[in-house]
Amino acid sequence: MSPEISHPHLLQVSHLTKTFRGLRALQDVSLFVDSGEILGVIGPNGAGKTTLFNCLTGYLPPTQGTILLQSQDITRLRMPDVTQLGIARTFQNIRLFGALSVLDNVRVAQQLRTHFGPLEFVLGLESFRRKERALTEEALHHLELFGLAEQANFQAGNLPYGMQRRLEIARALATSPRLLLLDEPAAGMNVSETDALHQMILEVKHRFDLAIILVEHDMRLVMNICDRIMVLNYGRVLATDTPEAIRRNPEVIESYLGRTHHVEAS
Ligand SMILES: Nc1ncnc2c1ncn2[C@@H]1O[C@H](COP(=O)(O)OP(=O)(O)O)[C@@H](O)[C@H]1O
Ligand SMILES: [Mg+2]
């Protein structure tokens, strides 16, 4: 039986491999994710989590395997096209435009999906001004969802760290994604900041009917927010299962959870 034929998954990755000069950063990785679902990806440093995101977004070409987004083969597409088709991401190391305002960080990302005709732009037509206003309103709305509306005119680089992390997500949403990839969004956050982030992720998932892939080391967040979790180890999938099953999986405990992480959910 092939469930993909009757109900194609939003994202279907099959047998993905990525090698860097002989180093297999990803080996035969298969996964799927659907709208309204959060797939967690965990594993030790160097397991290939960020490389997976780099391949899914067209930032790096996979060595082998296929990536289907709504049944469309996007394996060989480059980043701008992948963004247009609906995959957005945040970065493990924050990559905001530090000199721009908080609002402009979101506005710049909107440009990746919006097309103004050149004449509209030059002549300053009313339709152009109307679109501009609508986009600014939408950007402010995204900022509001992440508790950043009051900081709209602040310089992004001057925001406290936790807010910069949230702004990265607000900016990713500005491209109107179907699939959102979050690379360690809670890194460096304290417990209450992480709890707030948890609620914001659920809220945007619900509002925009997103599929989310969450790479994260904070096991409390991962175990509590994810519908399914995939464990990567040396580029290979060790297991994909529910949080409960992952927490009890002996191989997973041995390779990852047992070492440094406290895994009790609260
Ligand atoms: N652009 C690259 N060139 C060469 N090696 C890379 C590159 N990106 C990642 N790697 C290597 O691939 C492996 C997986 O890295 P990464 O995907 O960053 O792991 P994770 O995000 O799980 O910590 C590591 O051994 C890393 O050094
Ligand atoms: Mg990484």
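## Strands that pair in parallel

Two strands pair if DSSP finds at least two bridges between them. In this predicted model, strand 3 (residues 38–42) and strand 8 pair in the parallel sense over 4 bridges. Gly40 stands opposite Leu214 in strand 8. Strand 7 is also joined to strand 8, by 5 bridges, and these two run parallel. In that pairing, Leu179 stands opposite Ala211 in strand 8.

How many residues of strand 8 (residues 211–215) are buried? The count is 5 of the 5, so strand 8 is largely enclosed by the rest of the structure. In a regular strand, the side chains alternate between the two faces of the sheet. Here Ala211, Ile213 and Val215 point one way, while Ile212 and Leu214 point the other way, and all are buried.

Strand 1 (residues 11–20) and strand 4 (residues 64–69) run antiparallel and are joined by 5 bridges. Gln12 stands opposite Leu68 in strand 4.

Most residues other than glycine have a negative phi. Arg21, in the loop between strand 1 and strand 2, has a positive phi of about 40 degrees although it is not a glycine. Gln70, in the loop between strand 4 and strand 5, also has a positive phi, near 45 degrees. Are these residues buried or exposed? Arg21 is exposed, because 4 other C-beta atoms lie within 10 Å. Gln70 is partly exposed, with 15 other C-beta atoms within 10 Å.

Of its 8 residues, 8 are buried, so helix 2 is largely enclosed by the rest of the structure. The buried residues are Lys49, Thr50, Thr51, Leu52, Phe53, Asn54, Cys55 and Leu56. Helix 2 is followed by Gly58, whose phi is positive, near 75 degrees.

The protein chain is divided into domain 1 (1–86 + 177–266) and domain 2 (99–174). Their C-alpha centres lie 27 Å apart. In the contact between them, 14 residues of domain 1 meet 11 residues of domain 2. On the side of domain 1 that touches domain 2, the elements that give two or more residues are helix 3 (79–85), strand 7 (179–183) and helix 8 (191–208). Helix 8 supplies the largest share, 6 residues. By class, this side of domain 1 has 9 nonpolar, 3 polar and 2 charged residues.

## The largest nonpolar core

In soluble globular proteins, nonpolar side chains tend to be buried together. The largest nonpolar core here has 68 residues, and those with the most contacts inside it are Val41, Leu179, Ile212, Leu214 and Val222. Where does this core lie? Domain 1 and domain 2 both give residues to it, so the core lies between them.

Not counting residues up to four places away in sequence, Leu179 touches Leu10, Leu11, Val33, Gly86, Ile87, Leu210 and Ala211.

## A phenylalanine in a loop

Phe154 is found in the loop between helix 6 (126–145) and helix 7 (161–173). Phe154 is partly exposed, because 15 other C-beta atoms lie within 10 Å; a buried residue would need 20 or more. Leaving aside residues up to four places away in sequence, Phe154 touches Ser101, Val102 and Leu159.

For a sense of distance, Phe154 and Met223 are 69 residues apart in sequence and 34 Å apart in space, C-alpha to C-alpha.

Terms used:
Residues numbered from 1 in each chain as written. Chains lettered and ligands numbered in written order. Predicted model: local features only at pLDDT ≥ 70, side-chain atom pairs only at ≥ 80, totals over all residues. Domains from an automatic or database assignment. Contact = placed C-beta atoms within 7 Å. Nonpolar A, V, L, I, M, F, W, Y, C, P; charged D, E, K, R; others polar. Core = buried A, V, L, I, M, F, W, Y, C linked by C-beta atoms within 7 Å. Buried ≥ 20, exposed ≤ 12 C-beta atoms within 10 Å, placed from the backbone.
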